Amino acid sequence: MNYISTRDKSVKASAAQAIAQGISNEGGLFVPDAFPAFSKEDFAALSSLDYKGRAKFVLKFFLNDFDDDETDRCVEGAYTGSFDNDLPAPIARIGENINVLELWHGPTCAFKDLALQLLPYLLTASAKKVNGGKKTVILVATSGDTGKAALEGFKDVPDTEIIVFYPSEGVSPMQKLQMSSQKGENVHVCAIKGNFDDAQTGVKKIFTDSAVKAKLYENNMLFSSANSINWGRLAPQIVYYVSAYCDMAKHYGNLDSGFNVVVPTGNFGNILAAYYAKKTGVPINKLICASNANNVLTDFINTGKYDRNREFFTTASPSMDILISSNLERMLFELTDGDDAAVAALQNKLRDTGVFTVDEKIKEKLQKLFWAGCCDDAATLATIGEYFKEYGYLCDTHTAVAFNVYEQYLKETGDDRPTLIASTASPYKFAKSVLGAVTDKTALSEFDNVRLLNEVTGKAIPAPIKALENAKPRFNTVCDKKDMLSFVCDALGVK
Ligand SMILES: *Cc1c(COP(=O)(O)O)cnc(C)c1O
């Protein structure tokens, strides 16, 4: 098995090359040219393993130039002691059919930890294989959660520097504090005047700029990415869908007619991992794509037209405030049966005009796999209130979008088979919104919100959130989006 580029299939790379490089030179994304097909026996074997065992089993298929010991060491390093209960991805059950996959028990309280605790190990091992002693420079654009999770994962990792850009007004107060107070000698954080799409476009531009690349090379450095354009982010996410299936199959005894998966979606990385899990044999029925008011994906799945030329909203679920979903490119590659020229043409149209439309055949395939819905902030907050009142389950704003869209799906289709809801962040990360949704009490400071939320709901405050109260901000640079490159050069000390 090899990795190939979505925009040029003749580009071939090993796992280490794909991970170390992050993105293909011509701008395409790396995808595997083959997927494992797990048998009933494989799933039975997987079921008897713990999370780390399942991760090793699945990842070995994707890390083609890692030896088994190497993969094992990466997994052990990532998932030992970094999650609050040694179950990185536990399931909470609501009623008979709703399974909430809680992906926020890691050090930064969002699902990004599942991949970003592992990525530094994968990347360090990959860089050793292919970069010959060069320092790796990780560039990150974040809508809030990736930045912190990447900083935690990469802080003080030898031979790496990490630089994070976030939208100055586009993240929650807790997310901002998490990033601005980050410790570590090799970390750099900068807010930009713009939104997440601006940050992502800026980073992609720096990445593919050959003059910048040459300059880094002279200084014995190479860029890589910790965004979900990096295959090393996606592979670990496939694991938790395989693992959730094992856990659900144990509970239900028989899942022969499959289960649905609902994912609160922004950049399309998480739901794409669920699709890849389906390809390996996990019996997923419908992939339900849940969006907030930035509903570009809802429209795309329902009409076949992707149109980013629309108003951008800053919402209560900021990690999904995205109009350019970069991982959709990998899905287009799947939907066109690997037609690299067609994918490149669609992506060029998107870059030049902000719009592309897929043909009827592709739209049909898309709608067979996916169902899509969206909800605004008022509905999001109402859903948090309802789930808490009705079931005693407290969720964050992103997960609430998923619950809301799931109910829309149920109502429209009547399909009440078991369903897995990806819960992507701790409610305490968005304490103000969540508090407002469950009571009419309000507090002035973010940490008073946290305490009040704890008093009102009795739900435990995650330790990393508690620890933030005494954290001191270290980084306060805010720059124009046109100055991102000079921030990078300054941070690295290259001219
Ligand atoms: C990143 C994020 C999302 C969106 O995930 P994608 O993989 O970008 O679609 C949803 N919820 C939370 C809390 C996130 O941090």
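Which polar backbone atom is 2.8 Å from an oxygen atom of the ligand? In this predicted model, that backbone atom belongs to Gly266. The ligand taken alone exposes 380 Å², of which the protein buries 97% (Shrake-Rupley method, 1.4 Å probe).

The ligand is surrounded by 15 residues (a heavy atom within 4 Å), and Lys112, Asp145, Gly266, Asn267 and Thr424 are the closest. By class, this shell comprises five nonpolar, eight polar and two charged residues, with Gly counted as polar and Asp, Glu, Lys and Arg as charged. The ligand sits in the largest cavity, a cavity being a set of points on a 1 Å grid over the protein atoms alone where a 1.4 Å probe fits but cannot get out; sitting there requires more than half of the ligand atoms within 2 Å of its grid points.

The protein has 22 helices and 16 strands (DSSP runs of H or I with at least four residues, and of E with at least two). Its C-alpha atoms fill a box of roughly 60 × 50 × 45 Å along the principal axes.

Residues are numbered from 1 along each chain as its sequence is written, and side-chain values use heavy atoms, without hydrogens and water. Because the model is predicted, local features need pLDDT of at least 70 and side-chain atom pairs count only at pLDDT 80 or more, while totals for chains, interfaces and linings use all residues.

Notes
Polar contact = N/O pair within 3.5 Å; in protein donor to acceptor, adjacent residues only side chain to side chain. 1 Å grid on protein atoms, 1.4 Å probe; cavity = no way out; pocket = protein on both sides within 12 Å on 5 of 7 lines; lining within 4 Å.
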